[in-house]
Amino acid sequence: MALFEQTETTTKVTLDDTEACCCTIETAQTIDGHTEYVLRVQRGPYPENSWRILRRYNDFASLNKCLQISGIDLPFPGKKLIGNMRPDFIAERLNALQEYINQVLMNPILASSLPTKKFIDPDIYSTPFHDLALQYASMSLRTDGVYTLGQSLGPIGWRVRKHYFKVVHKPQGNKHSPGHSTTKHHLIKSSSQSHGKQHTTQVCVTTSTEKDYTSNRDHSGRDDLILSWTEFGPDRYIDEKEIHTVLKNFGGVQHPYIVPIEHIASNDSGALVIRKFYKQGSLKDVLCSASPCNPFLSKYGSPKGRTPLPLKDLALYARQILEAIRFLHSKGMACGHVHCGNVIVVDGIAKLMDVENFIFGVPSFYRPFFVQHSKINTCEAIDVYGFGHLLYEMCMGYPLQDSYARQISDCPDSLKSLLESILSKEACKSSLPTLDQLTTHPFFGEYAGHFNDLYATTMSVQKPHLKFSTSAKEQLKLAVQKTENRVREEQRSVKNQKRLVRVQELMTSEEEKKKIKQKAKHEQKQAKLRAQNSLQLNNGPPATASGITASVHLSSSTGGIVKSDSANSITSPQEALMSPPPHATDSGGSSSPQPPPSAPPIPGPPSSLPLFPPVASDVATSTSTSGNMARSISGDEATTGSGGNRSALLDAICNFNKSGLKKVSPTDAGK
């Protein structure tokens, strides 16, 4: 049965190195006498694409040491030898390390470096990329027999999976006479053959004699050449069988504003390109006054000098690059990698290079920016957007670190209008101008009015040439469609994730509001209960020496005061409602009041003399004439006191007859 079983074919998933990552330090734990921090790393917008790693303080220190070459000031916390295991210090150190890693990942230059990627994703980026590139390049050049591989130039570029080497020509003798094509086809053993799979996956195409490079060569007839090895990216949609044909056609590209290709080759993992090495470096090196062979972090991390271009040079170079992009689109091919690092200025002429990156399918440098704007969803719009960033950096001397320009100043109005038409927030939300519309902008007519005559003269001397076969054209067309579809899908994902985050924030805010309201109600209720308890404990049941409790209440509708039988007791209506007397209830209530404390028996009044005649008379008169007060004497109190003595006393007070009093003269009183 094993003869009929088919081996499973594994599809290689190429990672997009430009996809943004975020890192959160969740907690810290003590293991074997040292502190380890639990980091949760997420790639892209979806939380399910995340993982956890353990890092110690020394790991952060090693990362910071590698990034110091950039010259960027980072808030890295210092080391502490004593007291570093206290819980409060660990919590403080965790917050400081979180701030540090946030600053690193927010900087595009630091976030794209290999030390940073290896720190947050060791499983993927511990691969020996440089050794693999050296192996593939050596194998290709060894079988070709035309070039000799030299020393590595190190990490001079921003891509993790792209490496640079010096190469020189091998002595050829009379092996190839001038004018003969040196195009060769060779088979190269790929890395997959070690697993028992046979592939013929590499074609070398040398087209150096097809173009005239005499103007670029020195007296010895040899140039300083540079080889770049690039792994295929996630946007490589050209079929493996057809990519060799496409590269062969593209190797013969000729245009006055595109850097020519000396040699191009590919296998199943990537491709190499050989070009002339320009000692002055790229346009970005010129703007930063940097040496092209220095590491990428030291060149562009914090350059000492930034020099913007004069307006005439800016307009001329921009117009030349614009023509190169238009030429590629006219041949059914996009660029997608327009930035200052891919522009060379030679004798006042700006030339675009690395245009083959579209065929290789590697992600764009500005991809994290334009995936945030759903209107930048075509290859032409992507090139226009990259052209806008190129203009901004040439004008200001430093790159734009955001997806759009919030404010553009310190430039002429015509240039400001051109930049705003591409990089403003409104332009990114609506639509960008086309390549043809950019060529007619007033800025170029003002500062590069002679360009059309210069371009016509240049085209008459060196005619552009780029011809693809029918199958290559179909492959390029399909690659453009799939690239645009992937951009739209990623933009929808980013948009949906942003909407989800906003909804979660709104839900969280509503829940917080409800919690705050419930907490306020609970605190108000507790305060009311405390006030009631305080009033009951401090005041207690009011009582007189005779054991009679009498309250005079104002009507609640009039908002008056409440008086007790004590001369010093005055209470507000709210306090009276909150703390009613425990033994005085409404006549219509159903609750039974607590009986007052027993008072000693009081003898009844003598029949000849009334009890408190003047006071009782005055009180009766005042209460009868006042419309806002009512005298209330509870009948329950009269029946729950000391039996008949209290009842008799109350009856005597109520039935007292004032007319029975006899007026006594002062003379009689003296008797």
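Begin by selecting F165 together with L227 in strand 7, its bridge partner there. This is a predicted model, in which local features need pLDDT of at least 70, side-chain atom pairs count only at pLDDT 80 or more, and totals for chains, interfaces and linings use all residues. Residues are numbered from 1 along each chain as its sequence is written, and side-chain values use heavy atoms, with hydrogens and water left out.

Because 6 of its 8 residues are buried, strand 5 is largely enclosed by the rest of the structure; buried means under 20% relative accessible area, with a 1.4 Å probe and protein chains only.

Then move to helix 1 (residues 57–67) and helix 2 (residues 87–106), whose axes come within 12 Å and cross at roughly 30°, the axes being lines fitted to C-alpha atoms over the stretch in contact and the angles running from 0 to 180 degrees between N-to-C directions. Select Y57, F60, L63, N64 and L67 in helix 1, which meet R93, L97, Y100, I101 and V104 in helix 2, contact meaning heavy atoms within 4.5 Å.

Finally, show the whole chain, which has 24 helices and 15 strands, and in which 41% of the 671 residues count as buried.

Definitions and conventions
Helix = DSSP H or I, 4+ residues; strand = E, 2+ residues; numbered from the N terminus. Buried < 20%, exposed > 50% of the residue type's maximum accessible area, 1.4 Å probe, protein only. Pairing = 2+ DSSP bridges.
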